[in-house]
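Visitor: I have a model open and would like to go through it. Can you start with the terms before we get to the details?

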Amino acid sequence: MIPAAFVPLDQMPLTPEGEPARGTLGHPPVPAPGAGPGGQRTPTQAGMTYLWSRLLKKDQVGLDDDFFALGGNSLLAAEMLARTRVMFGIGADYVRPLTRCLLRDPTLRGFAQATQDARAGRLAADGDQGRVDFAREADLAPVRVRAHPRCPRPDWRRPLEILLTGATGFLGAHLLSELLASTSARVWCLVRARDAAHARQRIADAAARYDLGGGAGLAADGGAAGLAACGGGPGDRVVPLPGDLAAPRLGLSPGEFRELARSTDIIYHAGAIVNFIYPYEELRAANVTGTREVIRLAGLVRAIPVHYVSTTAVLAGLGVAGVREATEDTPLAHADRLRVGYVETKFVAEELLRNAGRAGLPVTIYRPMDIVGSRRTGAWSTATEMCALIRFITDTGLAPDIDLPLDFVPADTCAAAIRQISCAEGAAGRTYHLAGPGYPMLGYLVERLRRHGFEVSQVPFGIWVSELLRYAAHDPSHPMAPFLPLFVDRDQGLTTAEMYLEHVFPHYTRSNTEQALRGSGIAFPPVDDGLLDRNIGHLIATGYLTAPRDGRPRAHAR
Ligand SMILES: NC(=O)c1ccc[n+]([C@@H]2O[C@H](COP(=O)([O-])OP(=O)(O)OC[C@H]3O[C@@H](n4cnc5c(N)ncnc54)[C@H](OP(=O)(O)O)[C@@H]3O)[C@@H](O)[C@H]2O)c1
């Protein structure tokens, strides 16, 4: 039965046992059902109207209003989905199908219908998503690779012009800082923005967010004051380039695209939508077509070397298929077992690049697993699943007792390694696992959290997932709530999260990386107390983690 009216509450009151305490709700004023722009509404539509108007801070929401056009973004969508689940009593395994429905038809009418279908058990588990033909997606045609004999070859060892994607992101900001410090090139930064000034501001904001003030072309404060000059005068080395990976020609004019193809010496492609819940089709334009456009630009005039940041997660399908070890040269396989649209797009992008390599483009692929804050500051991106997990552990005092490897690599070391390898002869055509010398398991991080004063118990995985479900229902805006489907959706007995555990994920070697970095002074540090404490300390200092009550780290925490 669907209620005739909905009354939004900040939180459901709970009994001491954690069950909804319905008896304590009282009788708050009930708004009139049905009325509003678009006319009479079904109870589901009415409930959804309350939810959307509250989350999006709109007085009125029409039936044909679009969630994203009203100001919704991926974070608000995740919260809205979590709240929908609670309000309408929908199982957690419907979150992903509902997400697909929202992306396909983001109107209130369409989403209310999908919600009703989910309640009635009529929504297909895959949200009627078509199967992705990965081989076809990775076919490079009709893109071609040319190196015009009359055009000077790109000077990638001492570049004058660099193209960078993702400069407003976590790793991209560190790459920009590294490129400014280690070259004298101009760095053209493709950024989603209204205009150059906005793009410049966004680059400056990212630098400030990750405490990257001191790079050669960035102001000491990393802020707008210093970067405001970049791109505006002859000596400026950061050139903001408003564009969009998801658009034809990267959102550039034909003239800009061709000029970049003529002048660029080397490309670092770190831009991508990093979202673990969205399906392949939603991420395809930015992550796959965007990479195809980068290849097209690189191969248009003079075969510009492309350095692509992928992820070690592309190996997950191998693990599910029973492969226990993968080198940097192991051919990728089992895309159909990856189950995360984002990882699928990285898989296809890699394959596209390898095809471009066969056609003559110098391409190099880098695979980190979990990038954490820099060695200096520990300034980590709180958009990552790992930060959400830490927040959940500290908020609830419960950690899953699982063999989750912590292959943490600091963002500044990652950036320095990529730059170093990209200058080396022989990098073209190779893949590099950007990994530390070894890694501890999650229990080690739990121990460091305890040293910082957090009370944490480790409980069996199943119990922990039940607690996650209960908690997400109680607080749908928790950073961990959007990741819920990864711990719930099962295939062949494994949840998506379990695909990344030590006993399932293939062990991966890093010989190419070790060899390329030997003698450079750049090395991935061990994941030890110092590295974890710096990152935990930063999460506490910025207020992302609520400091333990006594406010003082326990003995031995540094
Ligand atoms: N962080 C990790 O632990 C990790 C681990 C393994 C691999 N990686 C890989 O490393 C790369 C960087 O990750 P990150 O953590 O730095 O992610 P991030 O902070 O989310 O940054 C992503 C960047 O890509 C840009 N981008 C997304 N869609 C775009 C579009 N349509 N047009 C132009 N730019 C677009 C973003 O721009 P906006 O600011 O406009 O959104 C942002 O600058 C990604 O390729 C990711 O797959 C990251």
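Guide: A crossing of two helices is left-handed if the near helix is turned anticlockwise from the far one by less than a right angle, and right-handed if clockwise. Helices (H or I, at least four residues) and strands (E, at least two) are DSSP runs, numbered from the N terminus.

Visitor: What kind of model is this, and how are residues numbered?

Guide: This is a predicted model: local features need pLDDT of at least 70, side-chain atom pairs count only at pLDDT 80 or more, and totals for chains, interfaces and linings use all residues. Residues are numbered from 1 along each chain as its sequence is written.

Visitor: Which way does helix 2 cross helix 3, left-handed or right-handed?

Guide: Helix 2 passes helix 3 in a right-handed crossing.

Visitor: At what angle do the axes cross?

Guide: Roughly 125°, with the axes of helix 2 (residues 74-88) and helix 3 (residues 95-104) coming within 11 Å. Axes are lines fitted to C-alpha atoms, for helices over the stretch in contact, and angles run from 0 to 180 degrees between N-to-C directions. That angle makes helix 2 oblique to helix 3; under 35 degrees counts as roughly parallel, over 145 as roughly antiparallel, 65 to 115 as roughly perpendicular and the rest as oblique.

Visitor: Which residues make the contact?

Guide: Helix 2 supplies Ala77, Leu81, Thr84 and Arg85, and helix 3 supplies Val95, Leu98, Thr99 and Leu102. Contact here needs C-beta atoms, placed from the backbone, within 7 Å. By class, this contact has 5 nonpolar, 2 polar and 1 charged residues. Ala, Val, Leu, Ile, Met, Phe, Trp, Tyr, Cys and Pro count as nonpolar, Asp, Glu, Lys and Arg as charged, and the others, Gly among them, as polar.

Visitor: What does helix 12 pack on, and at what angle?

Guide: Helix 10 (residues 280-300) packs with helix 12 at about 20°, their axes 9 Å apart. The two are therefore roughly parallel, and helix 10 passes helix 12 in a right-handed crossing. Among the residues in contact are Leu283, Val288 and Ile295 of helix 10, and Val348, Leu352 and Leu353 of helix 12. The contact has 10 nonpolar, 5 polar and 5 charged residues.

Visitor: What follows helix 12?

Guide: Gly360, with a positive phi near 110°.

Visitor: Which residues other than glycine have a positive phi?

Guide: His334 is one of them, with phi near 65°, and Gln492 is another, near 50°. His334 lies in the loop between strand 6 (325-326) and helix 12, while Gln492 is in the loop between strand 13 (490-491) and strand 14 (494-495).

Visitor: Are those two buried or exposed?

Guide: His334 is partly exposed, with 18 other C-beta atoms within 10 Å. Gln492 is exposed, with 6.

Visitor: Where is the cis peptide bond?

Guide: Between Ala141 and Pro142, with omega about 10°. Pro142 sits in the loop between helix 5 (134-137) and strand 1 (161-165).

Visitor: Last one: how many helices and strands are there in the protein?

Guide: There are 19 helices and 15 strands. Buried residues make up 48% of the 558 residues.

Technical notes
Two residues are in contact if their C-beta atoms, placed from the backbone, lie within 7 Å. A residue is buried if 20 or more other C-beta atoms lie within 10 Å of its own, exposed if 12 or fewer, and partly exposed in between; C-beta atoms are placed from the backbone.
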